[in-house]
Amino acid sequence: MREEILEKISALTPEEEQLLNGKSDISKELYTSEDEFIVDSARLLEKGKYIAIRPHTRFAYFPVHRHNYIEMVVMVKGQLTTKIVDGDTLFLTEGDILLMNRHAKHEIMACGRDDIAVNIIILPEFFSRNDIAYDRENILRDFIISSLSEKKRYSDYLLYHTKGMITVENLLENLIWTLTSDSSGMNQIVNSTMDLILMNLSALSSDTLKDMSTKSQQVTIKALEYIDHNYKNGTLEELSANTGYSTAYLSRLLKSNTGSNFKQLLQTRKLQQATYYLENTTLTTEKIIEAIGYENSAYFYRKFSEKYGCSPREYKKLNAARH
């Protein structure tokens, strides 16, 4: 990685300076306001953006926590050790890329000044802004689809060893430079670069990937893929006809594996698509409501406000101000 990028991401943060000056623990309030240690994307990522970057905090043990987003840990230099609760202990070295499911709980051992890792925050909404181009049967695709779930499923992580893979290294360098340059109007470049990184990772295999081929997982994947592509007019009855399983079985399966029922998952996908239209088209809100399959506009406005904390018009203005 270029020296100027490495210098930027290895610079001491205010939190690290406090640790070097005698503070013994990380500053939990920087990451969450919850009693349970759930690192909150709202503390780390500006509204209107799907992706952000934060250098990993060195010099202190990072206690057991999870995230409300997907985390991509990029090991730039040195090494890092993290332990998954009730799972594996992972030893990351230069060139490793670790994708963490937002339900995974893990702890991170203290590392030194020359152990440089960056945490890339990826909101689940990133994967639903349009059709993603990863292989349908690829294990990364399965992992990504699980980001729509409100309950833990599949593996806690995916680990890729990419040292020496020039394409991935160049894309990561471009992504890190863009995210740390604080330039306005770079959202599309960031999103496109991340797409290219994931497309390259989807073509790789790793002996650290776990088998995710059980029957219930496969059916759940098919159900989520159906929702992903048929959010406008999809029905549980049509899904039943497509999969050959009864509506009752599918209802129980989705609730068990995702924590949400079919209607809730469909609604989540509709709202995610609405934000894509608000950010990337000139469609009016009424046209968007029609495009995503809502017949009751008042219901749409209420659900949108509940999820995003603002009206569609306010969301669009906020996003425009970020560009």
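Contact here means heavy atoms within 4.5 Å. This is a predicted model, in which local features need pLDDT of at least 70 and side-chain atom pairs count only at pLDDT 80 or more, while totals for chains, interfaces and linings use all residues. Residues are numbered from 1 along each chain as its sequence is written, and side-chain values use heavy atoms, with hydrogens and water left out. Helices (H or I, at least four residues) and strands (E, at least two) are DSSP runs numbered from the N terminus.

**Helix pairs**

- Angles run from 0 to 180 degrees between N-to-C directions, and axes are lines fitted to C-alpha atoms, for helices over the stretch in contact.
- Helix α10 (residues 262-280) packs against helix α12 (residues 297-308) at about 85 degrees, with the axes 11 Å apart. That makes α10 roughly perpendicular to α12 (65 to 115 degrees; under 35 is roughly parallel, over 145 roughly antiparallel and the rest oblique).
- In this contact, Lys 263, Gln 267, Leu 271, Gln 272, Ala 274, Thr 275 and Leu 278 of α10 meet Tyr 299, Phe 300, Lys 303, Phe 304, Lys 307 and Tyr 308 of α12.
- The contact of α10 with α12 has seven nonpolar, three polar and three charged residues. Nonpolar covers Ala, Val, Leu, Ile, Met, Phe, Trp, Tyr, Cys and Pro, charged covers Asp, Glu, Lys and Arg, and the others, Gly among them, are polar.
- Helix α8 (residues 236-243) and helix α9 (residues 247-258) pack at about 100 degrees, with their axes 9 Å apart, which makes α8 roughly perpendicular to α9.
- From α8, the contact takes Leu 236, Glu 237, Leu 239, Ser 240 and Thr 243, and from α9 it takes Thr 247, Leu 250 and Ser 251. These residues divide into three nonpolar, four polar and one charged.

- Strands of a sheet pair through backbone hydrogen bonds, either parallel or antiparallel. Two strands count as paired if DSSP finds at least two bridges between them.
- β1 and β3 are parallel and share two bridges, and Ile 38 stands opposite Arg 66 in β3.
- β3 and β8 run antiparallel, joined by two bridges; here His 65 stands opposite His 106 in β8.
- Strand β5 (residues 79-84) pairs with β8 (residues 106-108) in the antiparallel sense over three bridges, and Ile 84 stands opposite His 106.

**The antiparallel sheet**

- Another open sheet of five strands has the order β2-β9-β4-β7-β10, with antiparallel pairing.
- Seven bridges join strand β4 (residues 70-77) to β9, and Val 74 stands opposite Val 118 in β9.
- Helix α5 (residues 166-180) lies across β2, β4, β7 (96-100) and β9, running at about 90 degrees to β2.

**Cavities**

- The structure holds four cavities of 30 Å³ or more. On a 1 Å grid over the protein atoms alone, a cavity is a set of points where a 1.4 Å probe fits but cannot get out, and lining residues have an atom within 4 Å of a point.
- About 140 Å³ of space lies in the largest cavity, a volume being the space filled by probe spheres set on the points, which are joined across faces, edges and corners.
- Its lining has 15 residues, with Tyr 31, Phe 62, Tyr 69, Glu 71 and Asn 119 nearest the centre.
- β3 gives the largest share of that lining, three residues.

Definitions and conventions: On a 1 Å grid over the protein atoms alone, a cavity is a set of points where a 1.4 Å probe fits but cannot get out, and a pocket is an open set with protein on both sides within 12 Å along at least five of seven lines; lining residues have an atom within 4 Å of a point.
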